[in-house]
There are 2 protein chains.
Amino acid sequence: MENIETYRACIKKLLAELGQANLSDDGVESQIIMDTEHDHYQLVHIGWQNNRRVYGCVLHLDLKGDKIWIQHNGTEVEIAPTLVAMGVPKQHIVLGLHPPYKRQMTDYAIV
Amino acid sequence: MENIETYRACIKKLLAELGQANLSDDGVESQIIMDTEHDHYQLVHIGWQNNRRVYGCVLHLDLKGDKIWIQHNGTEVEIAPTLVAMGVPKQHIVLGLHPPYKRQMTDYAIV
């Protein structure tokens with residue numbers, strides 16, 4: 001349980017940093033979405049730029065049990081090694097954005 | 001303030017109904033994401049199907065002040081009229097997924 005709180009804190013720190021780095025231009029909002037009850041976490045870009053729609057999830061992380069699932073990563077940051085550097089063991093990170101058969105070839109958790 | 005609570009309840013009801021309607025096939029999860037602190041609400045499909053990635057936000061609604069913003073709608077349901085039918089006045093709904101100049105041509109709120 002202690003781990004889970006630490007992992008939640010890591011995810012929030014990461015989102016805050018990335019949201020800051022992606023500071024919005026005029027008309028584009030950088031939304032940090034945190035569903036702390038169901039443990040879904042996202043960074044979304046959203047708005048209008050010269051009458052063109054900007055909409056996209058940039059990063060999506062879930063906490064399932066005691067594991068962090070990387071569901072989507074449209075940033076330039078390698079999220080899994082970043083989480084490891086923050087102290088999360090590889091066996092508590094699932095590369096959800098890779099198919100299960102590929103996850104077996106890594107040191108990260110499979111599910 | 002009373003309105004806002006009612007609107008939150010409408011959004012949650014809508015997401016629950018649509019999440020139910022989109023009940024996931026094997027390997028694909030229908031995630032309802034609710035950030036009730038910052039008032040961001042989403043329905044996201046996520047998973048793997050025959051080693052192909054399924055990832056996408058199906059619906060994204062925000063509550064800003066006393067207005068519901070429709071940010072993204074990938075469902076077959078017309079969300080704005082559905083909200084109106086639930087009792088939300090048109091002037092409290094913003095079609096965020098349309099550019100501001102187009103919103104002026106509707107009875108819905110512009111911002």
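Reply: In helix 1 (residues 2-21) of chain B, B:Glu5 and B:Arg8 lie three residues apart, which is about one turn of the helix. The model is a predicted one, and in it these two residues form a salt bridge whose closest N and O atoms are 2.6 Å apart.

The side chains of B:Asp107 and B:Lys90 meet in a salt bridge of 3.7 Å, N to O. Because B:Asp107 lies in the segment after helix 3 of chain B, while B:Lys90 lies in the loop between helix 2 (79-85) and strand 5 (93-94), this pair ties together parts that are 17 residues apart in sequence. B:Asp107 counts as exposed, at 54% relative accessibility, and B:Lys90 as partly exposed, with a relative accessible area of 35%. Turning to chain A, salt bridges that share partners join A:Glu5, A:Arg8 and A:Asp39 into one network.

Over all chains, the structure holds 10 salt bridges. One of them lies between A:Asp107 and A:Lys90, with the closest N and O atoms 3.7 Å apart; here A:Asp107 belongs to the segment after helix 3 (100-103) of chain A and A:Lys90 to the loop between helix 2 (79-85) and strand 5 (93-94), so that parts 17 residues apart in sequence are tied together. A:Asp107 is exposed, with a relative accessible area of 54%, and A:Lys90 is partly exposed, at 34%.

Two salt bridges are found across the interface of chain B and chain A. One salt bridge joins the side chains of A:Glu29 and B:Lys64, at 2.9 Å from N to O. On the side of chain B that touches chain A, at least two residues each are supplied by strand 1, strand 2, strand 3, strand 4 (67-73) and helix 3 (100-103). In terms of contacts, 28 residues of chain B meet 28 residues of chain A, and the polar contacts between the two chains come to 21 residue pairs. The two chains bury about 2,100 Å² between them, with 53% of that area on carbon and sulfur atoms. Within chain B, the residues that lose the most area to chain A are B:Ile33, B:Trp48 and B:Tyr55, which together make up 24% of what that side buries.

The arrangement of the chains can be described as a rotation. Chain B can be laid on chain A by a turn of 180 degrees and a shift of 0.0 Å along the axis, with an RMSD of 0.0 Å, which is the relation of a two-fold axis. B:Asp35 is the residue of chain B that comes closest to this rotation axis, at 2.3 Å for its C-alpha. Since 100% of the interface residues of chain B are also interface residues in chain A, the copies meet through the same surface.

Strand 1 (residues 28-35) and strand 2 of chain B pair in the antiparallel sense over eight bridges, and the two form a hairpin with four residues between them, in whose turn B:Asp39 has a positive phi of about 60 degrees. Strand 2 and strand 3 (residues 52-64) of chain B are likewise antiparallel, over 10 bridges; their hairpin has two residues between the strands, and B:Asn50 in the turn has a positive phi of about 50 degrees. B:Ile46 of strand 2 is the bridge partner of B:Glu29, and in strand 3 the bridge partner of B:Ile46 is B:Tyr55. Strand 2 (residues 40-49) of chain B is mostly covered, with nine of its 10 residues buried.

A:Gln71 is found in strand 4 (residues 67-73) of chain A and is buried, with a relative accessible area of 3%. Its side chain is joined to that of A:Asp62 by a polar contact of 2.9 Å. Among the residues that A:Gln71 touches are A:His60, A:Lys64 and A:Leu97, together with B:Gln31, B:Ile46, B:Arg53 and B:Tyr55 from chain B.

Note on methods
Residues are numbered from 1 along each chain as its sequence is written. Chains are lettered from A and ligands numbered from 1 in the order in which they are written. This is a predicted model: local features need pLDDT of at least 70, side-chain atom pairs count only at pLDDT 80 or more; totals for chains, interfaces and linings use all residues. Side-chain values use heavy atoms; hydrogens and water are left out. Copies are superposed by least squares on the C-alpha atoms of residues with pLDDT of at least 70 in both. Contact means heavy atoms within 4.5 Å. Buried means under 20% relative accessible area, exposed over 50%, partly exposed in between (1.4 Å probe, protein chains only). Two strands pair if DSSP finds at least two bridges between them. Buried area is the accessible area (1.4 Å probe) that two parts lose on being put together, summed over both. A salt bridge is a side-chain nitrogen of Lys or Arg within 4 Å of a carboxyl oxygen of Asp or Glu. A polar contact is a pair of N or O atoms within 3.5 Å; within protein, one must be able to donate a hydrogen and the other to accept it, and residues adjacent in sequence count only if both atoms are side-chain atoms. Lists of a residue's contacts leave out its neighbours within four places in sequence.
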